[in-house]
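Here are my notes after a pass through this one.

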Amino acid sequence: MLTPIFKSIVFFLVLAIFLPATVMAEAGQADTTNELSSGAAPLSNNYYESGEVALPEEFAGAVETTLDDAIKKALAENLNLKAATYSARSAAAALKGEYGLYDPTLVAEYVSGEYKEPQNSIPITELKDEYSYYSVSLLQKFPIGTELALTGTLQEDEFQPSLSISPSADSQARISLVQPLLRNFGVSATNRQIIFASRDKQIALQDLRSEAFDVVAAVRDAFFDTLRAQYELSFRESSVALAQRIVRENEARVNAGILPPVEKLEAEVGLQTRERFLLDAQRSFGDSLDRFNLLLNAPGIDYIPVIEPFRME
C-alpha cells in the first residue's frame with residue numbers, strides 16, 4: 001500500500017519531468033504558426049468547389065457559353081452537318097425532278113433551207129426549192145407505261161422557176177400511242193426512278209438526323225469533359241498550394257526541433273508529385289478546350305463552357 005505522502009512525491013516528480021517538454025513544444029509550434037501566417041496567405045475554405053482556374057494564353061479572351069448555346073452554335077456551324085444538309089436538299093430536288101416524268105412535254109421544231117438541182121435541158125437551167133418546215137408535238141406519259149404523242153407538221157415549198165402551183169404547202173396531224181406489253185409495263189417499272197430517288201431522299205434525311213444527333217452528343221460530351229478537366233485543374237492547383245503549405249510548415253517544425261528532418265523530405269516529395277499531376281491537368285484542360293471549340297467551328301472566337309446557376313422559382 002502506497003501512503004498518501006508517497007503518492008504526492010511521485011506526482012510532483014512526473015510534473016517536473018514532462019511539464020517543461022510540453023511547454024517547449026507548444027512554444028515552438030506557436031512560433032512556427034506565427035512564421036507561416038506572416039509569410040503565406042490562408043487557403044480558401046472551399047477550394048474543391050471553386051472551379052476557377054487560369055486559362056491558357058490562346059484562350060485568354062474566351063467567351064463563356066452554356067450547353068444549350070453551344071449545341072445551337074454547333075448545329076448552325078458544324079461542317080459535317082452542313083454537308084449532310086446539302087446532301088438532303090440535293091436528294092429532295094432530285095426526287096422532285098423525277099416526278100416530272102408525268103409532266104406534259106411540248107416540243108417545237110423549225111427548219112428552213114434551200115435545195116438546188118440542175119436540169120438536163122437546153123439551155124441549161126436550175127431548179128431551186130426554198131422550203132420551210134414546222135413541227136409541234138405534245139408528249140404525255142402515263143403510270144402504266146403508256147406514251148401518247150400528238151404531232152402536227154407543216155411544210156412549205158417555193159420553186160424557181162415556178163411550177164403550176166408555187167408556193168406549195170403540206171400539213172399533217174398524227175396521233176401516236178405506245179403501250180409496252182412485257183418490258184417496262186406497269187406502275188413499278190414506270191416509277192422505278194421515282195422510287196430510287198425517294199429512297200435516296202430517305203437515306204439522306206436519316207444521315208442528316210444521325211449527323212445532328214452525333215453533333216449534339218459530341219458537343220455535350222466535350223462540354224462536360226472540359227468542365228471536368230477545369231475542376232480537375234482547380235483541384236490540382238489547390239493540391240499544390242496545400243503541399244507547398246505543408247512543406248513550409250514541416251520546414252519550420254524541423255528548424256524548431258519538433259519534427260525529424262525526414263518529414264521535410266517527405267513533404268517535398270509529395271509537392272513534386274502534386275506538381276506533376278498539375279502539369280498533366282493543365283495539358284488535359286487545354287486539349288479539352290481545343291476539342292470543344294473545334295466542334296463549334298467559330299473562327300476567331302473561342303468559347304469556354306459554364307453551367308448556369310440553378311434557381312428555384
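1. Ground rules. This is a predicted model, so to speak of a local feature I need pLDDT of at least 70, side-chain atom pairs count only at pLDDT 80 or more, and totals for chains, interfaces and linings use all residues. Residues are numbered from 1 along each chain as its sequence is written, and side-chain values use heavy atoms, with hydrogens and water left out.

2. Overall layout. The protein has six helices and six strands; helices (H or I, at least four residues) and strands (E, at least two) are DSSP runs, numbered from the N terminus. Going along the sequence, the pattern reads α-β-α-α-β-β-β-β-α-α-α-β. There are 313 residues, and 24% of them count as buried. Buried here is under 20% relative accessible area, exposed is over 50%, and partly exposed is in between (1.4 Å probe, protein chains only).

3. Contact range. Take the contacts between residues at least 6 apart in sequence: 69% of them join residues at least 24 apart. A contact is heavy atoms within 4.5 Å.

4. H2 against H5. How do helix H2 and H5 cross? Their axes come within 10 Å and cross at roughly 140°, with H2 covering residues 67-77. That makes H2 oblique to H5. For the cut-offs, angles under 35 degrees are roughly parallel, over 145 roughly antiparallel, 65 to 115 roughly perpendicular, and the rest oblique. The axes are lines fitted to C-alpha atoms, for helices over the stretch in contact, with angles running from 0 to 180 degrees between N-to-C directions.

5. On the H2 side we have Leu67, Ala70, Ile71, Ala74 and Leu75, and H5 brings Ala212, Val215, Val216, Val219, Arg220, Phe223 and Phe224. By class, the contact has 11 nonpolar, no polar and one charged residues. In this scheme Ala, Val, Leu, Ile, Met, Phe, Trp, Tyr, Cys and Pro are nonpolar, Asp, Glu, Lys and Arg are charged, and the others, Gly among them, are polar.

6. Side chains of opposite charge can pair when their charged atoms come close. The rule used is a side-chain nitrogen of Lys or Arg within 4 Å of a carboxyl oxygen of Asp or Glu, and by it the count comes to eight salt bridges. One of them joins Arg236 to Glu232, with the closest N and O atoms 2.9 Å apart. These two sit four residues apart in helix H5 (residues 192-256), about one helical turn. Arg236 is buried at 18% relative accessibility, whereas Glu232 is partly exposed at 29%.

7. Glu249 is buried at 18%, while Arg245 is partly exposed at 35%. Which residues are linked in a network of salt bridges? Arg245, Glu249 and Arg253.

8. One in H6. Arg283 forms a salt bridge with Asp280, with 3.1 Å between the closest N and O atoms. They are three residues apart in helix H6 (residues 261-296), about one helical turn. Arg283 is exposed at 51%, and Asp280 is partly exposed at 31%.

9. Asn250. Also worth a click is Asn250 in helix H5, which is buried at 10% relative accessibility. Leaving out neighbours within four places in sequence, Asn250 contacts Leu259, Glu263, Lys264 and Ala267.

10. Thr146 lies in the loop between strand S3 (125-141) and S4. Is Thr146 buried or exposed? Thr146 is buried, at 10%. Not counting residues up to four places away in sequence, Thr146 touches Gln140, Lys141, Leu177, Val178, Gln179 and Pro180. Leu148 belongs to strand S4 (residues 147-160) and is partly exposed at 26%. With neighbours within four places in sequence set aside, Leu148's contacts include Leu138, Phe142, Ile175 and Leu177.
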